[in-house]
Amino acid sequence: PVRASARASIAVTGGEKRMQSFVGTPGYMAPEIYRARDAKAEAYDKSVDIWAVGVLAYTLLCGVPPFIDDDASQIQKRVMSGKLEFTPDYLWDDVSASAKDIIKRMLSVDPDQRMSALQLLKHPWLASSKMTQSTLRQLEVQQSFWSASFDMNRIIQGLASQIARGT
């Protein structure tokens, strides 16, 4: 099971909830979760959920996670580096620049530069409520096991709405 972020240990600083637990699935955990574990001091906020949605979106669009490896320590190194590649090309040729842009913004290593849930909902790729035909074709090819009503935009909008509400 994927546990994208922890809610077990919460501190309130300046009215904002900050988490400190090290809980999650390695490929979906944001860099600040790893830093919190290693430094035993840094807390993180709900922006880690945006990171996890970015990993999920990347995976759904091409069929492969962005920071894949058999070794959890190598996954951590890849996450911490923030090096994001849209390769191999044949998996990404039909994915729109707008879809790639939103993924890059969700997977920013710096949580202060990462999109908020509200910014995510206002991004043109989601706000348009229609995906480009090429992105839809790519989803149909990569995710053939999903039903014909599969709507990536609706899934991400729903996840972003829940994050914005703090649920």
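The questions and answers below walk through a predicted model of one protein chain.

Q: What pattern do the helices and strands of the chain follow along the sequence?
A: The secondary structure of this predicted chain consists of nine helices and two strands. Read along the sequence, these elements follow the pattern β-β-α-α-α-α-α-α-α-α-α.

Q: Which element of the chain has the highest confidence, and which the lowest?
A: The chain averages a pLDDT of 76, and 68% of the residues score at least 70. By element, the mean is lowest, at 42, in strand β1, which spans residues 10-13, whereas the highest mean, at 95, belongs to helix α5. The element with the highest confidence is therefore α5, and the one with the lowest is β1.

Q: How many contacts beyond near neighbours in sequence does the stretch of residues 1-15 have in the model?
A: Over residues 1-15 the pLDDT is below 50, and over residues 145-149 the pLDDT is below 50 as well. Where pLDDT is low, the predicted coordinates should not be read in detail. With that caution, residues 145-149 have one contact beyond near neighbours in sequence, while for residues 1-15 the number is 33.

Q: What share of the residues in the chain is buried?
A: The accessible surface of the chain comes to about 8,900 Å², and 53% of that surface belongs to carbon and sulfur atoms. Among contacts between residues at least 6 apart in sequence, 61% join residues at least 24 apart. Of the 167 residues in the chain, the buried share is 40%.

Q: Which helices do the buried residues of α5 pack against?
A: In helix α5, residues 97-106, the buried residues are Ala-99, Ile-102, Ile-103 and Met-106. They cover an arc of only 100 degrees around the axis, which puts them on the same side of α5. An α-helix has 3.6 residues a turn, so residues three or four places apart point the same way. The helices that the buried residues of α5 pack against are α2, α4, α6 and α7.

Q: Why do the buried residues of α3 line one face of the helix?
A: Helix α3 has Ile-75, Gln-76 and Val-79 as its buried residues. Seen down the helix axis, these residues line one face because they fall within an arc of 100 degrees.

Q: What is the arrangement of the rings of Trp-51 and Phe-67?
A: A search of the whole structure finds four aromatic pairs. In the pair of Trp-51 and Phe-67, the ring centres are 5.6 Å apart and the planes stand at 10 degrees. Trp-51 lies in helix α2 and Phe-67 in the loop between α2 and α3, so the pair ties together parts that are 16 residues apart in sequence. Both residues are buried, and with planes under 30 degrees apart the rings count as stacked.

Q: Which residues do ring pairs link into a cluster?
A: Tyr-58 and Trp-92 form a tilted pair, at 4.8 Å centre to centre with 55 degrees between the planes. Since Tyr-58 lies in helix α2 and Trp-92 in helix α4, this pair ties together parts that are 34 residues apart in sequence. Tyr-58 counts as buried at 3% relative accessibility, and Trp-92 counts as buried at 1%. The cluster that ring pairs link is made up of Tyr-58, Phe-86 and Trp-92.

Q: Which residue has a backbone oxygen that the side chain of Arg-114 reaches?
A: Arg-114 is found in the loop between α5 and α6, where its relative accessible area is 4%, so it is buried. Leaving aside neighbours within four places in sequence, its contacts include Pro-31, Trp-51, Arg-105, Met-106 and Gln-119. At 2.9 Å, the side chain of Arg-114 reaches the backbone oxygen of Ser-108.

Methods. Residues are numbered from 1 along each chain as its sequence is written. This is a predicted model: local features need pLDDT of at least 70, side-chain atom pairs count only at pLDDT 80 or more; totals for chains, interfaces and linings use all residues. Side-chain values use heavy atoms; hydrogens and water are left out. Buried means under 20% relative accessible area, exposed over 50%, partly exposed in between (1.4 Å probe, protein chains only). Helices (H or I, at least four residues) and strands (E, at least two) are DSSP runs, numbered from the N terminus. The arc is that of the directions from the helix axis to the C-beta atoms. Contact means heavy atoms within 4.5 Å. pLDDT is the predictor's confidence in each residue, from 0 to 100. Accessible areas come from the Shrake-Rupley method with a 1.4 Å probe; for residues, only the protein chains shown count as cover. Rings of Phe, Tyr and Trp (its six-membered ring) pair if their centres lie within 6.5 Å; planes under 30 degrees apart count as stacked, over 60 as edge-to-face and the rest as tilted. A polar contact is a pair of N or O atoms within 3.5 Å; within protein, one must be able to donate a hydrogen and the other to accept it, and residues adjacent in sequence count only if both atoms are side-chain atoms.
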